[in-house]
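Hi,

Here is the structure I promised you. Have a look at it first, and then read on for what turned up.

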Amino acid sequence: MAKMTGARALLESLEHQKVEVIFGILGGAILPVYDELCGNKKIRHILARHEQCAAHEAEGYARASGRAGVCMATSGPGATNLVTGIANAYMDSSPIVALTGQIPASGVNTSYMIGRDAFQEADIIGITTAITKYSYQPRTVAEIPLTVNNAFYIATTGRPGPVLIDLPKNVQSASAEVEFTNKIDLRGYKLPTEPDLARIAEASDLLAKAKFPLILAGGGVIIAGASEELVKMSDLLMAPVATTFMGKGAFPENHPLSLGSIGMHGNPAANKLMGEADVLLAAGTRFSDRATANLDSFAPNAKKIHIDIDNAEINKNIEIDVPIVADAKVSMKMLYAATSQKLKKGEGTAWTKRVKEAKEQLSPLLKDLPRDLVPKSLLTELRKLLPESSIVTTEVGQNQMWSALYFQALKPRTFISSGGLGTMGFGFPAAIGAKVACPDRAVVDVAGDGSFIMSEQELACSVTENIPVTVIVLNNSILGMVAQWQRMLYKRRYMAVHLGKTPDFVKLAEAYGAQGLRATSIEEFHKAVKTALASKVTTVIDVPIGSETDVVPFVPPGCGLPQQIGDY
Amino acid sequence: METGKTKVISILVENKPGVLHTIANLFRRRNFNIDSITVGPTQEPDTSRMTITINGDEKTIDQVVKQVAKQIDVLRVSELEPGHFVMRELALVKVNVPSSKERSDIINCVNVFRGRIIDVSTEALTVEITGTPDKIDAFLNLMNTFGVIELARTGITALARGAKSIRIDE
């Protein structure tokens, strides 16, 4: 027991959780915490330039490291600016803890208190209920340590997600006896136990007998750290592996059995073979609409095994034959052991041949590589330039889907993108967060001009805080993905997609003290990336590309996965 | 006891502020429609029971139960097995009394339905009636002939039959 302020108790609790960095912006209602941060040697504070980016930075940190990322903001607009970042973390199951200052919960002779519509009051818990895994508003100093323990435990275990702690200012500045503890007190928090052995047996029967087994790996495989088990399982079954967009990196995309990702802009081989599989082993995926396309034609011939840690995902979108509600790593290990006993070796050669043939015929990467400045050659070139462990983030739109198609992710946690929410402006702050988590690795944001403008002010953060990353702006002066939809689905009636005079990104970078480069040929691009990777300061590479280039192939809305259109 | 596709879901939750908001918000956000909801403390003061009636097919109910179960403040949730639970609703009905002839007619009805008259004035009677929603509907149908001035229904509350119970430690 020791007497201290709520602000001090919060910071010591965070230290207890081994928090090393907070991405945040201060304001009136969080000042006591910032006062305690002053001189703190254990926790680094990184000043974001917009709270939304602070949340994305925390998420980039979390997804690169596997540990909880922490962001902090003041009450009112500070808190509401976090909302998009929190929603993004919720949709992509990323562990972040968001700390918000709140106006005082009580006071004497003042209307500056919760419930009185005071200055910078926002009901952030009410606002974020649907996009947080849980939220807390401690009303006493004494409850802070347990609250923080619970918050980190909830954020990082089971299906991870964002947790909010809204701390009233009077609790930050009040003093009380505080006891630190490792205790977690959550009687209603149910984590899945070991996989059901009967289900494992059922699933291994199906897999052992399968003629055309296919594995679909989602983001849950990355979160569970089950990539090694996934590769072993694929090798055992000689089963091709497709990933969802969020699962990109779960399986090395240069592996002979890799099909790349499925979905609306998926790899044609993956989308095609999904329709031919007789047993589908899906792990850590929620079968999002962008992954499955029309449900009726999603793997129609396959018996479906679904491993997921979240029971609510079973049968939510897809009817499942064998559900396994447990951690993907543990389940995959047990399933491997059970299946290897039943499997007769040497079978499945017809399927292996078919997989090879489909990849050769359909893979967009194996076709001729143009030497001009188009996304396909840029991203293929980028893969060659980056070490395997480098981290690539993307913005949202064409840049993102081109990256999914043409940039091979080889390791888990090296491809970080806004999957579920599709947040433009995510990639750059996520890259900053990832770089903080992995300072020795190259971090590259593949951006579009439209998206980059949404968080370009974080250049100030990355330069000032000395967090060098590389931003590659695929600059087509248009909001390319919606323009593509208007072109393909709305008879080329372009509305509000032309960006007109976009900024000179080289000068923009220089204005912030970053390095600006422009590449107008593959050779220049090659050189620019090399320069950027060697740079001690953030580099923006402006790459002008055509404004009418489509992301193809494309499964139009309402169609099934095999009904892809477009030459690629 | 079950009417149509109405299902009854019994939920034990932490008895603390914000929990009702979380659950109600979950139903709204997931596009589930609540028919009625009742909340009150259980024999354990730190635990409340919510009884929710909802219309939906099996797949919807399965999702409701799973999504509710996932909430951190939810200790236990289960769909009450049709035919194996008891349920009651309470209604307070203020009935118009045009004349003394009608007054005795109303009192007769109340007695048949085993209701109680809890307030009397010259122009109105207030009746307390308890039962299944069907019984209350039937009573209200009769009262409509006299004229219902005001109505307050609680929504149903329910428990599984026999010694079986929904417990936190199960």
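A crossing of two helices is left-handed if the near helix is turned anticlockwise from the far one by less than a right angle, and right-handed if clockwise. By that rule, H3(A) and H18(A) make a right-handed crossing.

Before more detail, some housekeeping. This is a predicted model, where local features need pLDDT of at least 70 and side-chain atom pairs count only at pLDDT 80 or more, while totals for chains, interfaces and linings use all residues. Residues are numbered from 1 along each chain as its sequence is written, and chains are lettered from A and ligands numbered from 1 in the order in which they are written.

Back to chain A: helix H3 (residues 51-65) packs against helix H18 (residues 427-437) at about 45°, with axes 6 Å apart. Axes are lines fitted to C-alpha atoms, for helices over the stretch in contact, and angles run from 0 to 180 degrees between N-to-C directions. Helices (H or I, at least four residues) and strands (E, at least two) are DSSP runs, numbered from the N terminus.

In chain B, four strands form an open antiparallel sheet, ordered E2-E3-E1-E4; strands pair if DSSP finds at least two bridges between them. At the edges lie E2 (34-41) and E4 (74-79) of chain B, each pairing on one side only. Strand E1 (residues 6-14) of chain B is joined by nine bridges to E3 (residues 47-55) of chain B. Across that pair, Lys7(B) stands opposite Ile54(B).

Enjoy exploring!
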